[in-house]
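Biologist: Before we look at anything in detail, could you take me through the features one at a time, with the general idea ahead of each case?

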Amino acid sequence: MNGRPNPPPFASNDSNVPAPKALPARFWLVIAGFMFFYLMLRFGVGLYTELLWFEHLLFESVFFTSLWAKVGVGFAVGLSVATLFITNALIARWLSVRNVLFFSEEVVVGQNLVSGLIWGLGILLAWIIGSAASGNWLIFLSYLYQKPFGITDPVFNIDASFYVFSLPVYNFMQSWILVALFLGLLASLAVYALAQQNTLAEGRFPVILPHIQLHLSIIGALIFFTFAWGHWLSLFNLLYSDRGVAFGASYTDINVTMPALWTMVAMACIAAVILLLNIFLRKPALSLAVIFVWIIVGAVGTGLIPNIVQRYIVVPNELASESPYIRNNIDFTNWAYGLDKVVEKSFAKPVSLTSDMAEENATTLKNIRLWDYRPLQQTYKQIQSIRLYYTFNDIDLDRYMVDDELRQVAISVRELDKSELQQTWVTQKLQFTHGYGVVANPVNEVSEEGLPKLWIQDLPPQSSIGVDITRPEIYYGELTKDYVFVNTTEREFNYPSGDTNVYNEYYGTGGVVMDTYLKRLAFAVSLNDINMLLSQEFTRESHVMLHRNIRERVQSVAPFLLYDTDPYIVVDKEGHLNWIQDAYTFTDLFPYSEPTRGLNYIRNSVKVVIDAYDGDIIFYVVDDEDPIIQVYRAIFPKLFSPLSEMPPDLFDNIRYPEDLFRVQSELFLTYHMRDVNVFYNKEDLWQLPKEHSEGTTKTLEPYYVILSLPDSEQDEFLLIQPFTPSSKDNMIAWMAARADGESYGELVVFRFPKQELIFGPLQIEARIDQDPEISAQISLWNQSGSEVIRGNLLVLPIEDSLLYVEPLYLQAESGEIPELKRVIVATGDKIAMEKTLGEALESLFNKKRQEPLVTPADREPTTKPLPDVDTTDVSELAELAEFHYNAAQEASQRGDWATYGDELKELEAVLQTLLEVTSSE
């Protein structure tokens, strides 16, 4: 036994084997320094290239405002947390040294190492917490520039701006102060424990001097004062409670939870004071008792008792207890979503549409949308894509003045689908850089082949309506999700022309000009694209185009706005293409307002116009009364422009956004009930109607129409949504959003008499299915190797009548081009189907049809009858099969679908006989 520790298992006893040397600390410092330098370089380069991008858009003020706000918030929060952490840890170190020196003869060593560790952890905390906190920069700027809403909450009588702009800042500060204090407490305890490690190792209870107790008591008192502040803030957060029947503070919240929170405020303050006084009283049990009471009050007063009261007192008397709070929810929800301004009117029992009404509303009938956007998009792709690498992302509906007439138009942008191209860097980044042109057609016109009549088509775009597309290149669109380079020495593809391609040069201002090698190097690093440095194609006039997807583009500039999912293209009077992107101000902090889709307040306060060629962005303010947009305008005075500066040709094409209309119409299903009793019992709950579309039953989408409202003589562009009662299919009302001129943004609801049966969309669909002629026609089509596609069912209020219109498309199983074959119309108890809308209306008005829907079955065939044949002779059976096939083709050509079906059945029987004969041989 020599006192040496035994070697570990499998350890070598060869003393000649040198022990591995540990890497020096300097090596790891160099590695850490290199990594830090690399990260800072990437961060700095990214910041530089982002600044260049903002500068080329003339939005550098937005960049610097948000940058300094992020730095300021991150620095303030990080420094505060680090200061509390370092200060408390250093105080604990100093006090622990005195404590150890006084009670022992040991020499305290390693204090420099402890100090270094404290400072290092403090700096690391400052970096981490500051980076995390900097993302909340906007709430501080909004707090500084806040504007009143002009509506006060019914509980504390405070303007709603306190909840939207001030409360988030207070909650943020309270939570981070609490984190900082706990981190300081943990650091202090760790230092004290480290100083007493020998005492603890010997099993002796550590002696804590009064100054150490004072230090810990002060930290504990500050923590409880911060808890008290949090309980006080929780009083205001009760206005977001979902405990009751309706969103917002309920009976239980006001009468039970609120007193409990006030009690917790008092108990937390008492606990803080006792922690300080206990330095002199020396009664730790007293501090523990107060803390215990605080915990009990929190668990019982805000958890157990409110649940008991809610279940056994409120629920049995719910209407009486919750009525005032339901009223608050109704009022604030309607205000927050703009539903308080809905104008409600009565719509008399609809009469059948007459020919006189039709003549007086010719503009409406001329703009009935027969082309559903889904089959129309498919048709565009088949007849106007021209090449595999072109596609149409969606169909936009808008209106234009054509030959002094207001016409509804379907329009779509021809964009590049680069997945169909060779995946080389030159092809993807230098040659194929943009889409080209648009395709447009009136929504109600159909060619003889059942295809849309195109007003703008082909490459280069050819227009038949007097509007020439002078700048058809699409550098910024919905599918442009990558970056590209223009004005390089590589020829830039423009559009195909026959067997050759047409090339062009870029003459716009879009993108950042890389006129120095430093910029080129910076973008190469930022984009992680080494080819930018290796390629010889760049010149001093080369541009790099970033953020070309229009939604990503506007979000990069103004991430604090919410953007509509359907931007649309507009052709201005100069023939340039511009995107209009609707933007919303929103919050989820509006008191008492029902939340939906992650928000409970929304306004369509901004219209963003993006040039499809240059990528220039202009944010136009359309709602000056919105307090949130007023705050943003104060923060970013150079970002927003007044609506009066929007060019008239663009202003004439602004639409009421569909996303906002969906939110408002869905909430109106419930919140049209303003009476508390009716709301509570859901006596008049509505729902969105259903329709048959694409082989399934779907919710009827809102749709754009051109018509005059029942109390107006002016034709206007509207967005419409019918309503039906809950669990029923008859119509109860319809909502319209106005989009023209000074009426923009107005919401009107027309209610039908409740005692009358007004057919809803699904009931009209049932009548279509029950009509013998229409159902026979659809069945024959479906049996003849084709697919019938039912378009959107439109409900059109025309004067005192309702007109229902549904287009039918036919698509061959082997083809991909839907053709418009029939139009179904209905009004009152009448229903008709014809080849065109005009013919269908004439049939509806009891005028003579141009030709019958289905030729009578006894109509004599034009094909010469074939004499009787021997059913055992293969050649005669083949001849008979050919006879029935030709007869079926002749019947289909003249529209005799009954005979067509009969001939197909005969053909099937002959072929079956032929199969039996050949198999027996």
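Modeller: Let us begin with a charged pair: the side chains of Asp331 and Arg327 meet in a salt bridge, with 3.1 Å from N to O, where the term stands for a side-chain nitrogen of Lys or Arg within 4 Å of a carboxyl oxygen of Asp or Glu. This is a predicted model, in which local features need pLDDT of at least 70 and side-chain atom pairs count only at pLDDT 80 or more, whereas totals for chains, interfaces and linings use all residues. Residues are numbered from 1 along each chain as its sequence is written, and side-chain values use heavy atoms, with hydrogens and water left out.

Biologist: Where do Asp331 and Arg327 lie?

Modeller: Both belong to helix H10 (residues 318-336), 4 residues apart, which is about one turn of the helix; helices here are DSSP runs of H or I with at least four residues, strands are runs of E with at least two, and both are numbered from the N terminus. Asp331 is partly exposed at a relative accessible area of 37%, and Arg327 is also partly exposed, at 29%, given that buried means under 20% relative accessible area, exposed over 50%, and partly exposed in between, with a 1.4 Å probe and protein chains only.

Biologist: What is the general idea behind such pairs, and how many salt bridges does the count come to?

Modeller: Side chains of opposite charge can pair when their charged atoms come close. By the rule above, the count comes to 29 salt bridges. Another of them is formed by the side chains of Glu445 and Arg407, at 3.1 Å from N to O. Glu445 lies in the loop between strand S6 (438-442) and S7, and Arg407 in strand S4 (residues 405-416), so this pair ties together parts that are 38 residues apart in sequence. Glu445 is partly exposed at 23% relative accessibility, while Arg407 is buried at 7%.

Biologist: Are Glu806 and Arg790, which also meet in a salt bridge, buried or exposed?

Modeller: Glu806 is buried, at 0% relative accessibility, and Arg790 also counts as buried, at 14%. Their N to O distance is 3.3 Å, and the pair links distant parts of the chain, with Glu806 in strand S30 (residues 801-812) and Arg790 in strand S28 (residues 786-790), 16 residues apart. Elsewhere, salt bridges that share partners join Glu344, Asp684, Arg751 and Lys754 into one network.

Biologist: Let us turn to helix packing: at what angle do the axes of H8 and H9 cross?

Modeller: An axis is a line fitted to C-alpha atoms, for helices over the stretch in contact, and angles run from 0 to 180 degrees between N-to-C directions. The axes of helix H8 (residues 251-281) and helix H9 (residues 284-314) come within 8 Å and cross at roughly 175°. That makes H8 roughly antiparallel to H9, a term for angles over 145 degrees. The residues of their contact divide into 22 nonpolar, 9 polar and no charged, where Ala, Val, Leu, Ile, Met, Phe, Trp, Tyr, Cys and Pro count as nonpolar, Asp, Glu, Lys and Arg as charged, and the others, Gly among them, as polar.

Biologist: Which residues does a cis peptide bond join?

Modeller: The cis bond joins Leu459 and Pro460, with omega about -10°, and Pro460 is found in the loop between strand S7 (456-457) and strand S8 (462-463).

Conventions. Angles under 35 degrees count as roughly parallel, over 145 as roughly antiparallel, 65 to 115 as roughly perpendicular and the rest as oblique.
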